[in-house]
Amino acid sequence: MLKIQNLKASVEGKAILKGIDLEIKAGEVHAIMGPNGSGKSTLASVLAGRKEYEVTEGSVEYLGKDLLELAPEERAGEGLFLAFQYPVEIPGLTTTNFIKTAVNEIRKYRGEAPLDAVAFLKMMKEKMAMMNIGQSLLSRPLNEGFSGGEKKRNEVFQMAMLQPKMAILDETDSGLDIDAIRIVANGVNKLRNKDNAVLVVTHYQRLLDYIVPDFVHVLYNGRIVKSGTKELALELEEKGYDFIKNEVNVGEGV
Amino acid sequence: MTNVEYLNKGLDQLNVADNSLAPARKNAITSFSKMGIPGAKHEEWRYTRIGNLFNKDYQFPAKKEGFSKTDLDGIRLPGHEEANELVFVNGIYASEFSVIRSKELVVQSLEEAAGNENKEIVALHFGHSSSLLKDGINALNTAFVHGGIFLNIKKGTVLSQPVYIYTITDARRESVLSQPRSLIYIGENAQAELVETYVTIGKADSFTNQVMEVAIEKDAKVGYYKIQNDRQQANLVSTTHFRQLGKSYLHTVTISLNGGIVRNNLNVVLEADHCEAHLYGLYFMGGDSHIDNHTIVDNVMPNCFSNELYKGVMTGKAAGVFNGKIFVRKDAQKTNAYQSNKNILLSADASVNTKPQLEIFADDVKCSHGCTVGQLDEDALFYLQSRGVPAPIAQSLLVRAFATDILEHITPKAIHDYVEQLISLKLEYDLP
């Protein structure tokens, strides 16, 4: 589904990603872990198409298309979704209006007719119940004054509404208490099926207790330095990132 | 200062009738002769040049003849079926086109009111705007006052129907320089909603120099909405001067969407304890339009509250000016006065000059001001795009979101919906 080859990216001339190789197949859940500053969020942003990041080398193939050639909204139209680490507050735009526009623009991209009000409301109600979100939250301006937990739940709620094929969760667990993590993880798990894939970017192993990955990759200094199964996450939790750093530095003869 | 021969000649020939308009008019004649049309050296007119607008072959004094009811029907605002409609054509009040639906609403010509039982009120308030606006353009209107109206919303009257005031310029046959004038008295405990709009028809040059003065008594409540969506050739100086004479509530929304050179002077003088005033504005201009909002909140007495929020969205080569003055006089202790001006520039050729100006002579007050000029938030744009919303639509959504907290203060629903619709059209056609 997603094939990243030798991906290098920089921001303001500074190299952040230094050659990423990663393949994700339909039905799989991958986790990317790594210490602060390793490039995790940059990878998520590059995949979603944020223009501050300049791709200097490499390629990303997504469902047979060259992902890097697509505008952010086209990527969304093709079923890519990024749950933001820091969802943006937009005063004056209600969450409902925003989601309705998003749903219908994506349908338009796919050549489908817009959802009528009844179908849209029915879908909203269903997903609201799933994410434990009340109507009052959706009538409020997008993310404005939302708590950290509300923002993250709102991200996964949007994901549920847009039903992506490839979802990227960028530190969706940061700033959440254990109950909120459960709700968020539960939402993600309900969306998992054999036809879609999830990439979880996280600093801590905690979230992976709830969203169990098929593969875990450790990102350090702009490269994936170790890959394994979910046991790797537990090992990291136990030993900390230093053991990875030491391994890499020894390997590179530092 | 520009000297304009036809105006000076007109002044020499003026015959000032002996009524309660006379003292203010005589002062204005002297003032205009001294000051003339403000030029670029006048501090309040630095960014808005109107001198050249006077060098046209105008029909002056203007006449209202030639305008018809059919012309009006194409102009009327939504909700007019339920509104009082006062119509000015080329600066002259046209009773034949006006519709008074509220029987409590008294409408008289200014000249008539200046000689009847209302003459004291007229004497007190007519020309009061000149105490804050010391320039020839204000004096010019007062000096030549003609065809103006006096509105009396008497003590205890709650107008259930809004008052729509149309300032129409008919420039189909000749170039028109017009000077509409009105004085509105809102008595104790009275309530009224006033909606003003400006429409120019025809292709000749036009320049409108309007002055409205409003006196608000104790416990009165007033909503005032100014909607400007005229042609790009239509030039306007629009002065609206409020006096809050007793503890009262005023709320104003100024919407500017199109026009040539547009200058709004909005003054609020808080002359009693515990007055409350809200000033909202949205200017969303493109093309070659020039929009200048000059506001003055003058705190004369203690314990007053005022809040001002003006927002600008500029596209094309449009130029904006915001100048917000707050005076706190020495007796006006415990004043709360807030001001904010936020601007978004959507094109490289658009510009805004913004200047807050606080002059505080009391020592126990809370005042704040702030202004910003920037572009649309890139993070917000990306967030919307990442959810599948194409960039142009994302931009529209963000501009609309930016305008929301101004538009929500337009209370008459028909007018609110109308303005939303105008903004939708602008977003569709005007965005780069």
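**Ground rules.** I am working with a predicted model, where local features need pLDDT of at least 70, side-chain atom pairs count only at pLDDT 80 or more, and totals for chains, interfaces and linings use all residues. Residues are numbered from 1 along each chain as its sequence is written, chains are lettered from A and ligands numbered from 1 in the order in which they are written, and side-chain values use heavy atoms, leaving out hydrogens and water.

**Entry one: positive phi.** I checked Asn6(A) and found phi near 45°, a positive value in a residue other than glycine. Asn6(A) sits in strand E1 (residues 2-11) of chain A; strands here are DSSP runs of E with at least two residues, and helices are runs of H or I with at least four, numbered from the N terminus. Lys334(B), also not a glycine, has a positive phi of about 60°. I found Lys334(B) in the loop between strand E18 (319-328) and strand E19 (336-345) of chain B.

Buried means under 20% relative accessible area, exposed over 50%, and partly exposed in between (1.4 Å probe, protein chains only).

I noted a cis peptide bond between Phe60(B) and Pro61(B), with omega about 0°. Pro61(B) is in the loop between strand E1 (58-59) and helix H3 (69-73) of chain B.

I turned to helix H6 (residues 136-143) of chain B, where eight of eight residues are buried.
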